[in-house]
Amino acid sequence: MNKRLTEPTFFLLTALADEPRHGYGIVKEVANLSNDQVHLKIGSLYGMLDRLVTDGLVEYDREEAWQGRLRRYYRITDAGRQALAAEAARMVVNARLAARRLDAPGPAPALGGES
């Protein structure tokens, strides 16, 4: 998959990269990973998860009973890891490009121009 990931999807896949998590665990981990810059709402989270399952980037792991309710856990797939790695590599290349431009000396002053 060469499709660029949105920032919430990038953090969601990152949250699942180390272990399967249930919905609330994903929300908490995304907030933690993004330094509270990305907040997933439960309603949009499950829509994202359904789409990622359909795209083969995430799959169901298991369900566990917790306080009388079932928690569904999700895990990243190999295709999800590849998409996440590709997006991380793309971001690194873009950050290096921006850093080089920022470190480069400015344009040379025009001859005979204003001082």
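Partly exposed residues are those with a relative accessible area between the buried class, under 20%, and the exposed class, over 50%. R75, at 29% relative accessibility, therefore counts as partly exposed. The model described here is predicted.

**Salt bridges**

Across the whole structure, a search finds 11 salt bridges. One of them joins the side chains of R4 and E87, with an N to O distance of 3.8 Å. R4 belongs to the segment before helix 1 and E87 to helix 4 (residues 78-103), so this pair ties together parts that are 83 residues apart in sequence. The two partners fall in separate accessibility classes: R4 is exposed, with a relative accessible area of 59%, whereas E87 counts as buried at 5% relative accessibility.

R75 pairs with D61, and their closest N and O atoms are 2.3 Å apart. D61 is in strand 2 (residues 58-66) and R75 in strand 3 (residues 69-76), so the bridge ties together parts that are 14 residues apart in sequence. D61 is partly exposed, with a relative accessible area of 24%. Both residues also belong to a network of salt bridges that links E59, D61, R62, E64 and R75.

A further salt bridge is formed by D55 and R51. D55 is partly exposed at a relative accessible area of 32%, and R51 is partly exposed at 36%.

| E87 | R4 | 3.8 Å |

**Helix 2 and helix 3**

Helix 2 (residues 23-33) packs with helix 3 (residues 42-54) at an angle of about 105°, and the two axes are 11 Å apart. Angles of 65 to 115 degrees count as roughly perpendicular, and helix 2 and helix 3 are therefore roughly perpendicular to each other. On the helix 2 side the contact involves G23, I26 and V27, which meet I42, L45, Y46 and L49 of helix 3. Of the residues in this contact, 6 are nonpolar, 1 is polar and none is charged.

**The loop between helix 2 and helix 3**

S34 is located in the loop between helix 2 and helix 3. Its relative accessibility is 6%, so S34 counts as buried. The side chain of S34 has a polar atom 2.9 Å from the backbone oxygen of V30. The S34 side chain also reaches the backbone nitrogen of V38, again at 2.9 Å.

N35 is found in this loop too. N35 has a positive phi of about 55°, although it is not a glycine. With a relative accessible area of 63%, N35 is exposed. D36, another residue of the loop, likewise has a positive phi, near 60°, and is not a glycine. D36 is partly exposed, with a relative accessible area of 47%.

**T14 in helix 1**

T14 lies in helix 1 (residues 7-16) and is partly exposed at 24% relative accessibility. Leaving aside residues up to four places away in sequence, T14 touches L33 and L84. T14 and L84 are 70 residues apart along the chain, and their C-alpha atoms are separated by 7.2 Å.

Notes. Residues numbered from 1 in each chain as written. Predicted model: local features only at pLDDT ≥ 70, side-chain atom pairs only at ≥ 80, totals over all residues. Heavy atoms only, no water. Axes fitted to C-alpha atoms, helices over the stretch in contact; angles between N-to-C directions. Helix = DSSP H or I, 4+ residues; strand = E, 2+ residues; numbered from the N terminus. Parallel < 35°, antiparallel > 145°, perpendicular 65-115°, else oblique. Contact = heavy atoms within 4.5 Å. Nonpolar A, V, L, I, M, F, W, Y, C, P; charged D, E, K, R; others polar. Buried < 20%, exposed > 50% of the residue type's maximum accessible area, 1.4 Å probe, protein only. Polar contact = N/O pair within 3.5 Å; in protein donor to acceptor, adjacent residues only side chain to side chain. Salt bridge = Lys/Arg side-chain N within 4 Å of Asp/Glu carboxyl O.
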